[in-house]
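Please find below some comments on the model under review. They are set out as numbered points, to be read alongside the sequence and coordinates.

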Amino acid sequence: MLDGLSQIFFLNLALGAILGFVFHRSDLCMAGMFRDIFLLKRTFLLRILFLQVVVTMVFFFIAKKLGLIGLYPPPNLGLASLGTIMGGIVFGAGMVLAGGCVMGTLYKMGSGSIISIIAFAGLIIGSAIFAEFYPAWLQITKKTAVSEAVLLSQLADENLLTIPVLIFSSIIILRWINLKKLSQKAYAEGYIDPWKVAIIIAVLNLIIYLSSDMPMAVSTGYAKIAAYIEKALIPEHFDTVAFFGKESYSVLHPVSKAAIVGGPMAVFDHMFATEISLIIGVVLGSFISAIMLGEFKLTLSTFPPPKQNVSALMGGMLLALGSRMAGGCNVKFLMSGLPLLSIQAFLFVFGMLPGAWIGTYLFKKFVISYDREGQ
Amino acid sequence: MTDKIEINLDTINLDIRGQICPACLLISLKEINKHKETLRCRGANLVVKTDHRDATRTIPDAATAMGYTVSVEKKKGYYEITVGLEHEGRQA
């Protein structure tokens, strides 16, 4: 019989594989979502994100009302500070340069993209770099905290907040359905409509929240991988890095009284069981999908141009720095935090938008020179 | 590359396999703009080879908005996106 943490690990591994599979089929790419606002003036994928957030919100709200949620607010959401906005800006620029967010990089890597493998390496390196600056950054976030509350519902009545938002959002979504704005012509074989994937992700996120007491998150998993690598390569230095020795959360479960401890330490803990499992699962699921379609493409014969590889490496590093500065990435904040009306999540998105604009500008300026006239 | 393209008026080939968005899209848009005359006046097609699934959504989307006709065909391990005015029996 497996212990609790191992059960969570294997469950999330399986859920991650489903995620990777459907992400590969639908290319529901969050970097693309934000980038295309500025690059193409297109908001199709952004509507899908809105749908996903609203459906997740309904699930979490009902689960809360039924008393199924043990930890609320979940301990992997924290206090918002100006650092959250700054992290969002860095992250937004990074995801455009890397060609994918922390999730996009995984599923693209699973399908054999060399650029995303380089971005993945950037994410690990960026996490290790952040670890060196962590004590200084911690002071900044502490001094610039904006609120004592984690969720808006701690400041005002939960029902009064959530129900009007859900009604208003449902009207918008119904309107989009009538105008057929939630689907788009697609040509790729085995394509799954992004709106279906949005709902699948919401269901998976609910399962993850109920089974592991925390909604979906993934970016600290990268820091954890960095910890294992640094521990193996430079153990003397590793021991002196405060970041790798400090848990991100340590709470007692209100019902079972079991300790829930997780963080970027090089040990098998709750975070290993929830996040490393997702990282492996998503890569695996996408790999399976690509093989099934005959689209796995890992080959040196189409090695990407140098500028794009540099961009991917820098982008990956910025993704890691941004998510560590903010205390989370787009997965935790947009897929899980927004549906819970987390203040941190709102500030992160507030930073991500100008960040994606900066990333798009830098990409057009330095990687592929392009303006409207194509000069 | 440009000299050869002037000789072969039927197709302009662009192989961007191994690359992902936004590079795929930007390179394709650049080529479409660069060969605007050839594509619009001489009835040539731009044929983009890509193994990035997302490009089969973004490139047709952008090219259609620019007034071109687009078709996508799956080949062995990659997609071929044809951008032009007069392919597949369509009248210019």
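1. A residue is called buried here when its relative accessible area is under 20%, and exposed when that value is over 50%. On this basis, buried residues account for 60% of the 92 residues in chain B. The model is a predicted one, and the values in the points that follow should be read accordingly.

2. The fold of chain B may be described next. Chain B contains four helices and four strands, and from the N terminus on these elements follow the order α-β-α-α-β-α-β-β. When contacts in chain B between residues at least 6 apart in sequence are taken, 61% of them link residues at least 24 apart.

3. B:Leu14 belongs to strand β1 of chain B, which spans residues 11-15. Is B:Leu14 buried or exposed? Its relative accessible area is 8%, so B:Leu14 is buried, the cut-off being under 20%. Apart from neighbours within four places in sequence, B:Leu14 is in contact with B:Ile27, B:Ser28 and B:Glu31, and also with B:Leu46, B:Val47, B:Val48 and B:Lys49. B:Arg53 lies 39 residues from B:Leu14 along the chain, and the C-alpha atoms of the two are separated by 16 Å.

4. Chain A contributes 40 residues to the contact and chain B contributes 29 residues. The size of an interface is often expressed as the accessible area that is lost when the parts come together. Between chain A and chain B, the buried area is about 3000 Å², with carbon and sulfur atoms giving 56% of it. On the side of chain A, the residues that lose the most area to chain B are A:Tyr187, A:Lys297 and A:Tyr370, which together make up 20% of what that side buries.

5. Charged pairs also occur across this interface. How many salt bridges are counted between chain A and chain B? The count is four salt bridges. B:Lys74 and A:Glu295 form a salt bridge in which the closest N and O atoms are 2.7 Å apart.

6. A loop residue of chain A also touches chain B. A:Thr302 sits in the loop between α11 (270-293) and α12 of chain A. Residues up to four places away in sequence being left out, A:Thr302 touches B:Arg17, B:Gly18 and B:Asp51. The relative accessible area of A:Thr302 is 15%, and A:Thr302 is therefore buried, given the limit of under 20%.

7. The largest pocket has a volume of about 770 Å³. Its lining consists of 29 residues, and those closest to the centre of the pocket are A:Gly78, A:Leu138, A:Ser248, A:Gly327 and A:Gln344. In chain A, α6 (114-143) and α12 (306-326) each provide at least two residues of this lining. The largest share, six residues, is from α6(A). By class, the lining of the largest pocket comprises 15 nonpolar, nine polar and five charged residues.

8. A probe the size of a water molecule, rolled over the atoms, shows where empty space is left. Over the whole structure, seven cavities of 30 Å³ or more are found. The largest cavity has a volume of about 140 Å³. Fifteen residues line the largest cavity, and A:Asp36, A:Arg42, A:Phe44, A:Leu45 and A:Gln184 lie nearest its centre. Which elements each supply at least two residues of this lining? They are α2 (30-39) and α3 (44-65) of chain A, together with α4 (55-65) of chain B. The largest share of the lining, four residues, is supplied by α2(A). The lining of the largest cavity has five nonpolar, four polar and six charged residues.

9. The second largest cavity has a volume of about 90 Å³. Among the residues that line the second largest cavity are A:Met57, A:Phe60, A:Phe61, A:Lys64, A:Glu158, A:Thr162 and A:Pro339. Both α3 and α7 (158-178) of chain A provide at least two lining residues, and the largest share, four residues, belongs to α3(A). This lining divides into seven nonpolar, two polar and two charged residues.

Terms used: Residues numbered from 1 in each chain as written. Chains lettered and ligands numbered in written order. Predicted model: local features only at pLDDT ≥ 70, side-chain atom pairs only at ≥ 80, totals over all residues. Heavy atoms only, no water. 1 Å grid on protein atoms, 1.4 Å probe; cavity = no way out; pocket = protein on both sides within 12 Å on 5 of 7 lines; lining within 4 Å. Points joined across faces, edges and corners; volume = space filled by probe spheres on them. Nonpolar A, V, L, I, M, F, W, Y, C, P; charged D, E, K, R; others polar. Buried < 20%, exposed > 50% of the residue type's maximum accessible area, 1.4 Å probe, protein only. Contact = heavy atoms within 4.5 Å. Buried area = accessible area lost by both parts, 1.4 Å probe. Salt bridge = Lys/Arg side-chain N within 4 Å of Asp/Glu carboxyl O.
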